[in-house]
Amino acid sequence: GFTLFRGRADYGAGAYIEAGSLRNSRLLSNIADYYGGGIYFHGAGGNVQQCVIHSNVAWYGGGIEFDGGGSAAHCEITDNTALDSGGGADCWGGGFLGHCTILRNSSAYYGGGVECWEGGVLNNCIIMNNEATYDGGGIESSYWVVGATVSNSLIVANTAGRYGGGVDLWGGGDLVNCTIVGNTGLLGGGLHGDGGLVQNSIVYYNNAPNGPNFLDEGGGVVFA
């Protein structure tokens with residue numbers, strides 16, 4: 001493995017990946033002027049495994065930017081910052097996060113832990129202690145065609161200044177077999193949404209002045 005640190009680039013200051021694998025590496029304190037402080041995935045190829053992505057900065061995707069695809073598995077994504085959205089990771093039109101710990105990341109707007117715009121899949125992840133100034137402290141799912149799919153994941157102790165301390169489903173997205181607990185927001189402490197599916201999930205002991213556990217503003221969220 002490698003240690004890739006203090007890089008500077010427009011895209012992928014730590015690593016720019018179109019194909020191939022990066023394993024057992026550390027990406028630390030890199031700064032991207034636009035996308036992917038730690039890693040930028042361009043297209044559907046490429047993967048990282050068992051990597052530490054820590055203390056990186058970008059406008060979008062402080063830790064990782066998925067642009068159309070790519071995957072990260074068994075990674076620690078910690079203490080990254082997005083000056084706009086997707087503190088830990090930003091999924092634009094795809095991307096997969098599996099068995100990852102997404103911890104203490106922050107964004108100035110949306111998705112303190114992860115922002116998913118038009119897709120993105122999270123499975124068996126821990127999303128914890130992340131913060132968004134506006135919406136989606138843990139996860140922001142926004143879409144016109146397809147939202148995020150989040151399954152078998154723990155979303156705990158995240159904070160949003162406005163909508164969805166744990167998760168904000170803006171337009172849609174699927175939450176399946178998830179536990180959303182101990183999150184804080186202004187509207188919908190655990191979950192805020194106006195569409196999407198919440199299936200076989202626990203939403204409990206969250207905090208907000210309006211809708212401590214969940215707030216379904218548009219009446220479009222399906223609970224099953």
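1. A residue is called buried here when its relative accessible area is under 20%, and because Cys 91 has a relative accessible area of 0%, Cys 91 is buried. The model under discussion is a predicted one, and the points below should be read with that in mind.

2. On the cysteines, a search of the whole structure finds zero disulfides. Cys 51 accordingly takes part in none, the nearest cysteine sulfur being that of Cys 75, at 4.9 Å. Cys 51 is also buried, with a relative accessible area of 1%. For Cys 91, the closest cysteine sulfur belongs to Cys 116 and is 3.9 Å away, which is too far for a bond, since a disulfide requires the two sulfur atoms to be within 2.5 Å.

3. Turning to the aromatic residues, the structure holds 13 aromatic pairs. In one of them, the ring centres of Tyr 16 and Tyr 40 are 5.1 Å apart and the ring planes stand at 35°, so the pair is classed as tilted. This pair links distant parts of the chain, with Tyr 16 in strand E3 (residues 15-17) and Tyr 40 in strand E7 (residues 39-42), 24 residues apart. As for accessibility, Tyr 16 is partly exposed at 43%, whereas Tyr 40 is buried at 5%.

4. Another pair is formed by Tyr 35 and Tyr 60, whose ring centres lie 5.2 Å apart with the planes at 20°, so that the pair counts as stacked. Because Tyr 35 belongs to strand E6 (residues 31-35) and Tyr 60 to strand E10 (residues 57-60), the pair ties together parts that are 25 residues apart in sequence. Tyr 35 is partly exposed, at 29% relative accessibility, and Tyr 60 is partly exposed as well, with a relative accessible area of 26%.

5. These tyrosines also belong to a cluster, in which ring pairs link Tyr 11, Tyr 16, Tyr 34, Tyr 35, Tyr 40 and Tyr 60.

6. Regarding the strands, there is an open sheet of nine strands with parallel pairing, in the order E4-E8-E12-E16-E20-E24-E28-E31-E34. Its edge strands are E4 (21-23) and E34 (221-223), each of which pairs on one side only. Neighbouring strands of the sheet are turned against each other by 10° on average, with direction ignored.

7. Within that order, strand E8 (residues 47-49) and strand E12 (residues 71-73) run parallel and are joined by three bridges. One detail that can be checked directly in the model is that Gln 49 has Ala 73 as its bridge partner in E12.

Technical notes. Residues numbered from 1 in each chain as written. Predicted model: local features only at pLDDT ≥ 70, side-chain atom pairs only at ≥ 80, totals over all residues. Heavy atoms only, no water. Buried < 20%, exposed > 50% of the residue type's maximum accessible area, 1.4 Å probe, protein only. Phe/Tyr/Trp six-rings, centres within 6.5 Å; stacked < 30°, edge-to-face > 60°. Helix = DSSP H or I, 4+ residues; strand = E, 2+ residues; numbered from the N terminus. Pairing = 2+ DSSP bridges. Axes fitted to C-alpha atoms, helices over the stretch in contact; angles between N-to-C directions.
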